Number of protein chains: 4
Amino acid sequence: MNKKLRIGVIGAGRIGKLHSANLVNRVPNAELAAISDVYEPAAKELAEKLGVANYYSDYRKILEDPTIDAVFICSSTDTHSPISIEAAKAGKHIFCEKPIDHDLDVIKTVLDEVKKAGVKYQVGFNRRFDRNFKHVHDVVANGGIGDVQIVKVTSRDPEAPPISYVKVSGGIFVDMTIHDFDMVRYLSGSEVVEVSAMGACLVNPDIAKEGDVDTCIITMRFANGALGVIDNSRQAVYGYDQRIEVFGSKGCITADNETANNTTLYTVDGVTKEKPLWFFLERYNDAFIAEECAFVDACLNDTDTAVGAFDGLQPVLIGLAAKESCEKGGIPVKVQK
Amino acid sequence: MNKKLRIGVIGAGRIGKLHSANLVNRVPNAELAAISDVYEPAAKELAEKLGVANYYSDYRKILEDPTIDAVFICSSTDTHSPISIEAAKAGKHIFCEKPIDHDLDVIKTVLDEVKKAGVKYQVGFNRRFDRNFKHVHDVVANGGIGDVQIVKVTSRDPEAPPISYVKVSGGIFVDMTIHDFDMVRYLSGSEVVEVSAMGACLVNPDIAKEGDVDTCIITMRFANGALGVIDNSRQAVYGYDQRIEVFGSKGCITADNETANNTTLYTVDGVTKEKPLWFFLERYNDAFIAEECAFVDACLNDTDTAVGAFDGLQPVLIGLAAKESCEKGGIPVKVQK
Amino acid sequence: MNKKLRIGVIGAGRIGKLHSANLVNRVPNAELAAISDVYEPAAKELAEKLGVANYYSDYRKILEDPTIDAVFICSSTDTHSPISIEAAKAGKHIFCEKPIDHDLDVIKTVLDEVKKAGVKYQVGFNRRFDRNFKHVHDVVANGGIGDVQIVKVTSRDPEAPPISYVKVSGGIFVDMTIHDFDMVRYLSGSEVVEVSAMGACLVNPDIAKEGDVDTCIITMRFANGALGVIDNSRQAVYGYDQRIEVFGSKGCITADNETANNTTLYTVDGVTKEKPLWFFLERYNDAFIAEECAFVDACLNDTDTAVGAFDGLQPVLIGLAAKESCEKGGIPVKVQK
Amino acid sequence: MNKKLRIGVIGAGRIGKLHSANLVNRVPNAELAAISDVYEPAAKELAEKLGVANYYSDYRKILEDPTIDAVFICSSTDTHSPISIEAAKAGKHIFCEKPIDHDLDVIKTVLDEVKKAGVKYQVGFNRRFDRNFKHVHDVVANGGIGDVQIVKVTSRDPEAPPISYVKVSGGIFVDMTIHDFDMVRYLSGSEVVEVSAMGACLVNPDIAKEGDVDTCIITMRFANGALGVIDNSRQAVYGYDQRIEVFGSKGCITADNETANNTTLYTVDGVTKEKPLWFFLERYNDAFIAEECAFVDACLNDTDTAVGAFDGLQPVLIGLAAKESCEKGGIPVKVQK
């Protein structure tokens with residue numbers, strides 16, 4: 001049997017539970033050694049359910065455990081950067097949920113510390129590991145559609161978040177579109193240099209009261225000359241709508257939504273197929289497992305992670321530019337370098 | 001047998017030939033009485049091929065013929081407005097190919113003369129008559145997807161036009177995107193109030209030398225609050241790519257490309273379906289017939305035409321705003337009223 | 001203008017009306033000269049509606065008219081063969097609706113007379129002219145899937161016919177499946193040598209009282225060694241279900257149903273596409289026009305018709321074998337030569 | 001943590017490896033305690049790779065281990081029934097790969113012993129657990145298409161097996177079609193009463209020398225009056241072709257092939273989608289996991305297994321009838337009760 005990577009998960013909320021269960025049941029080379037959560041009963045309950053030996057309220061217990069090789073930072077967003085820095089100093093490899101931070105200087109400090117410590121760092125942009133999106137990326141990267149000219153992302157959530165979440169989210173561009181900004185970088189193989197965003201509040205007027213929008217179209221220009229466009233809505237009543245398209249000098253490639261099954265029902269009422277999967281946990285289930293396996297393998301084999309610290313920074317930069325553009329009524333804004 | 005509408009076709013070029021053949025073979029209530037072309041042999045050849053009695057080099061012969069009820073203006077773009085005015089004064093109903101003109105004042109003069117003469121006026125926005133797009137429109141108009149929030153149009157030509165054409169086209173926004181501007185008005189049921197356009201020259205660098213772009217993304221805000229986006233390319237090597245999508249509070253509806261047949265071939269090389277139809281004459285063949293029938297019926301039954309003079313003006317206004325936005329690097333521009 | 005083929009249509013019922021309207025409006029090289037129907041007012045009404053000069057109660061008037069080149073026999077099934085013989089003797093080219101007859105000796109007599117007279121003879125197997133099925137045929141014939149191994153036809157009517165029709169139909173195998181027998185011959189490029197049919201009465205028990213079935217599966221062996229299967233139902237509540245598949249040593253090709261449009265609607269209730277077109281007049285509309293054009297062209301250019309008299313005979317032979325097999329509980333029956 | 005089911009896997013060949021890896025990595029409530037194989041190095045290698053404590057050459061060591069609750073019988077077909085009997089006598093729950101046996105009396109003895117011992121028995125008809133086929137089953141069972149009238153199964157292997165395998169396979173009907181016979185029972189909710197099979201040898205003439213066919217169409221009549229049809233080929237060059245369709249009084253439902261991803265590539269060469277997954281291990285990967293989980297849960301919760309001993313017997317009975325029919329040239333044969 002191969003050596004396993006001993007991992008501690010920090011944060012036992014929704015995403016922490018997801019990673020923990022996968023690390024136990026679906027990632028062959030991982031060994032989940034400990035779980036921490038500021039609310040200790042949550043850590044305890046999860047550890048017992050999954051047969052994990054140790055649980056703590058203080059994540060420092062994990063950082064202090066010399067048998068632990070790596071951490072998954074799944075705690076609240078504001079703790080991502082400080083824990084990243086501490087974990088790097090403790091010599092742990094780091095898988096960090098997005099975003100690293102909303103403050104660019106802080107992100108850069110994290111990057112510096114990670115570099116100094118020589119640990120692996122992977123940001124949770126799970127969609128890159130979706131079988132469909134990855135195939136599109138690979139075809140594009142291999143020249144299958146020639147030079148990239150237009151990148152399109154449709155990305156719509158099934159339900160708007162509660163206003164309490166909107167208040168602390170940093171706004172749609174750094175909270176939701178950040179995944180799409182990562183996707184356009186991944187697909188185009190080029191950096192976004194300029195962004196123009198047009199937004200509206202069409203789903204829930206209370207979102208406007210928080211100074212945010214719930215519907216938007218973001219146009220981008222890439223360093224390689226290509227153009228890109230993302231459309232977002234906080235609420236697609238038919239499910240989680242996640243489609244991409246890359247158009248180039250030699251063709252075009254698209255990826256469609258995933259569904260619970262591929263059946264077709266014919267009745268007097270019409271010809272019906274399944275709706276897109278409803279929630280990101282279902283939609284990207286296999287993608288989460290793939291990103292976890294990739295991280296574990298990168299640590300065990302000492303190779304680069306698939307989505308490094310630089311990749312964690314860029315979408316935040318683009319998101320801040322988009323936010324500024326939208327607030328200024330769509331004026332194009334350069335992305336900070 | 002019903003009364004037929006006696007029609008004269010002005011201009012025997014590509015689009016004049018198309019309308020003439022359809023009027024003879026596919027529009028039951030039409031009678032093609034005469035064809036004119038400044039190059040008389042072209043008019044003669046077409047008339048003889050189709051069994052049409054009269055042909056002229058001077059379109060005024062058609063306007064002077066009291067037995068003729070209506071004209072199809074298929075001559076060069078710069079003649080659309082003067083012939084429209086003359087035809088209106090001669091009391092003929094008018095079907096005019098797009099665009100009416102590039103000059104807003106001239107268009108308004110045409111509209112005035114048409115109104116004064118009390119004749120029917122229909123602009124050749126044939127795509128409204130495409131079975132797929134019309135169905136999308138009808139579902140949206142009937143509330144099938146609730147309030148419209150996002151309108152998306154993908155519109156890519158199979159081949160870039162020759163530079164000689166680009167020089168006189170007025171630019172991509174008033175030449176090519178004009179059809180898409182009509183489409184977003186048709187689908188959204190609302191007027192475009194603001195436009196932002198990002199363009200690039202990725203297909204043929206000679207197009208840039210003419211001050212034009214060949215690839216662009218245009219974002220729009222509608223009077224009803226919805227957002228819209230069009231992406232254009234002058235060259236999609238796999239065919240004429242024409243797709244639409246309307247997203248709203250209760251759902252989403254899409255229309256796909258048309259193909260020569262619906263077969264699927266499975267071999268060791270993959271699973272292959274037909275490419276989009278290559279050219280607009282094939283793709284919109286049935287739509288051309290439908291618009292011709294609609295015009296003929298509106299004249300015979302004295303009802304409003306489906307695409308009136310006002311509908312001919314709006315896309316030009318939007319196109320000019322898009323052109324300005326693109327030239328200014330994507331700054332949003334209000335559409336003139 | 002090209003010479004036109006002057007045609008008389010015999011029978012002004014459903015299929016006679018269809019052919020007449022197409023010949024007038026959609027077949028450029030045809031001239032509909034006369035219509036006859038035993039019920040003269042039907043002939044009169046149709047002639048007036050379409051602007052056809054002559055109408056008669058007696059089809060012999062058409063046969064006696066020396067200016068008429070060809071006839072379309074659209075009268076009741078029992079008259080197909082006698083009128084075919086008379087028309088051949090009168091030197092008219094013949095387009096005859098299927099089936100020529102239910103009696104093999106009679107069919108052979110018709111074939112002899114047609115041969116003797118040297119006139120064109122085309123049987124109304126319109127489905128061969130469907131764009132999808134024709135493409136499948138062409139790919140198969142060109143070796144696109146290698147050697148044919150399995151031919152599959154799904155063919156289901158939207159509604160069962162009235163019992164009065166069932167009584168005189170000759171049974172499902174010679175009435176409905178006959179089209180599918182023609183299709184398997186067309187697709188396989190080989191003759192059916194043996195048939196086994198399993199039937200049931202699941203739609204309407206009254207059909208069983210007439211000694212017929214309404215649901216059946218027919219298995220076939222072809223002269224070239226391939227196998228075939230057809231499934232039929234008299235009632236598919238979701239529309240006219242017409243799909244084919246040919247499987248071979250190098251691949252497989254399928255053709256799907258035709259729909260009113262290609263839109264997709266996403267709502268909370270599911271993802272919905274259009275149902276198959278409901279009725280054969282809509283489904284095969286373009287195929288009817290194509291077969292009419294092909295017949296007219298064959299007559300004008302003196303070439304072979306696409307579906308000759310021999311092609312009219314074979315499906316009847318297969319149908320009779322299938323009927324015998326079904327009545328004997330599925331015992332394989334050789335097809336008579 | 002829940003109690004886990006301690007399992008021994010008997011046979012470390014292709015299917016034994018598959019089940020072992022899944023039991024270790026993908027079935028949360030299973031604990032793989034031991035592996036046996038007559039060739040001990042195979043058992044050893046697999047056990048070491050998966051971190052399993054015990055391995056043996058003699059499966060009796062597994063049956064004698066009182067800590068083991070259940071066995072997976074993955075050894076050669078001829079050992080399925082004797083080991084089933086021994087395992088039942090040893091009080092172990094049994095998951096047995098298909099077929100139980102080719103001899104009906106032997107199968108019945110197995111069934112008796114299982115019943116006497118009161119142990120769980122599940123047969124490896126994994127396709128029932130495919131997400132698509134299960135959904136079709138559920139819709140049909142819930143009346144979503146009304147009364148079942150026609151059941152269709154397309155089932156084609158990507159490559160013909162070696163002749164050495166064909167010799168011992170028992171013939172296509174009990175080796176390959178047996179899965180499809182299980183599927184039609186599962187989908188129709190009714191028993192097959194009569195079978196007619198037409199076969200041919202079109203893929204590899206050496207298969208004919210063994211008295212077998214490689215291409216066949218099997219028609220069935222069900223106890224509830226419905227009809228069914230299966231088409232099989234030993235070689236579909238484009239991949240593992242596995243599709244189903246159930247047609248009924250209120251509609252029709254189909255399930256399509258599974259592919260590696262859902263992307264679509266548009267180039268000058270055509271519009272291409274992914275081929276069906278190539279091999280059963282990929283195609284039914286999730287179905288294998290689901291059947292393993294279902295078995296484990298049935299044992300732990302003392303509920304009925306999803307595919308019991310009776311379900312193991314029926315497809316063999318149908319297969320033997322189909323074989324007889326095919327050998328007799330397609331004469332319908334009653335299925336033995």
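1. Two strands are taken to pair if DSSP finds at least two bridges between them. Helices (H or I, at least four residues) and strands (E, at least two) are DSSP runs, numbered from the N terminus. This is a predicted model, in which local features need pLDDT of at least 70 and side-chain atom pairs count only at pLDDT 80 or more, while totals for chains, interfaces and linings use all residues. Residues are numbered from 1 along each chain as its sequence is written, chains are lettered from A and ligands numbered from 1 in the order in which they are written, and side-chain values use heavy atoms, with hydrogens and water left out.

2. The sheet of chain A. An open sheet of six parallel strands is present in chain A, in the order β3-β2-β1-β4-β5-β6. Its edge strands, β3 (54–56) and β6 (121–123) of chain A, each pair on one side only. From one strand to the next the twist averages 20 degrees. Strands β1 (residues 5–10) and β4 (residues 70–73) of chain A run parallel and are joined by four bridges; Val9(A) stands opposite Phe72(A) in β4(A). In general, the strands of a sheet pair through backbone hydrogen bonds, either parallel or antiparallel.

3. Helices on the sheet of chain A. Contact here means heavy atoms within 4.5 Å; axes are lines fitted to C-alpha atoms, for helices over the stretch in contact, and angles run from 0 to 180 degrees between N-to-C directions. Helix α2 (residues 40–50) of chain A lies across β2 (30–36) and β3 of chain A, at about 165 degrees to β3(A). Helix α4 (residues 77–89) of chain A packs on the sheet and touches β1, β4, β5 (93–96) and β6 of chain A, its direction making about 165 degrees with that of β5(A).

4. The sheet of chain D. Chain D likewise contains an open sheet of six strands with parallel pairing, ordered β3-β2-β1-β4-β5-β6. Its edges are β3 (54–56) and β6 (121–123) of chain D; each has a single partner strand, so one side of each is left without a neighbour in the sheet. Six bridges connect the parallel strands β1 (residues 5–10) and β2 (residues 30–36) of chain D, and Val9(D) stands opposite Ile35(D) in β2(D). Helix α4 (residues 80–89) of chain D lies across β1, β4 (70–73), β5 (93–96) and β6 of chain D, at about 165 degrees to β5(D).

5. Relations between copies. Copies are superposed by least squares on the C-alpha atoms of residues with pLDDT of at least 70 in both. Chain A is superposed on chain D by a rotation of 180 degrees with 0.0 Å of shift along its axis (RMSD 0.0 Å). The two copies are thus related as by a two-fold rotation axis. The same surface serves both, since 100% of the contact residues of chain A recur in chain D. Chain B is superposed on chain A by a rotation of 180 degrees, again with 0.0 Å of shift along the axis and an RMSD of 0.0 Å. Ile331(B) comes closest to that rotation axis among the residues of chain B, at 2.5 Å (C-alpha).

6. Which side chain does that of Thr219(A) meet in a polar contact? The partner is the side chain of Thr219(B), at 3.1 Å, a polar contact being a pair of N or O atoms within 3.5 Å; within protein, one must be able to donate a hydrogen and the other to accept it, and residues adjacent in sequence count only if both atoms are side-chain atoms. Thr219(A) belongs to strand β9 (residues 215–222) of chain A. Thr219(A) is buried, at a relative accessible area of 2%; buried means under 20% relative accessible area, exposed over 50% and partly exposed in between (1.4 Å probe, protein chains only).

7. Asp231(B) lies in strand β10 (residues 227–233) of chain B and Lys152(A) in strand β7 (residues 148–156) of chain A, so the pair joins two chains. Asp231(B) is buried at 2% relative accessible area, and Lys152(A) is buried at 9%.
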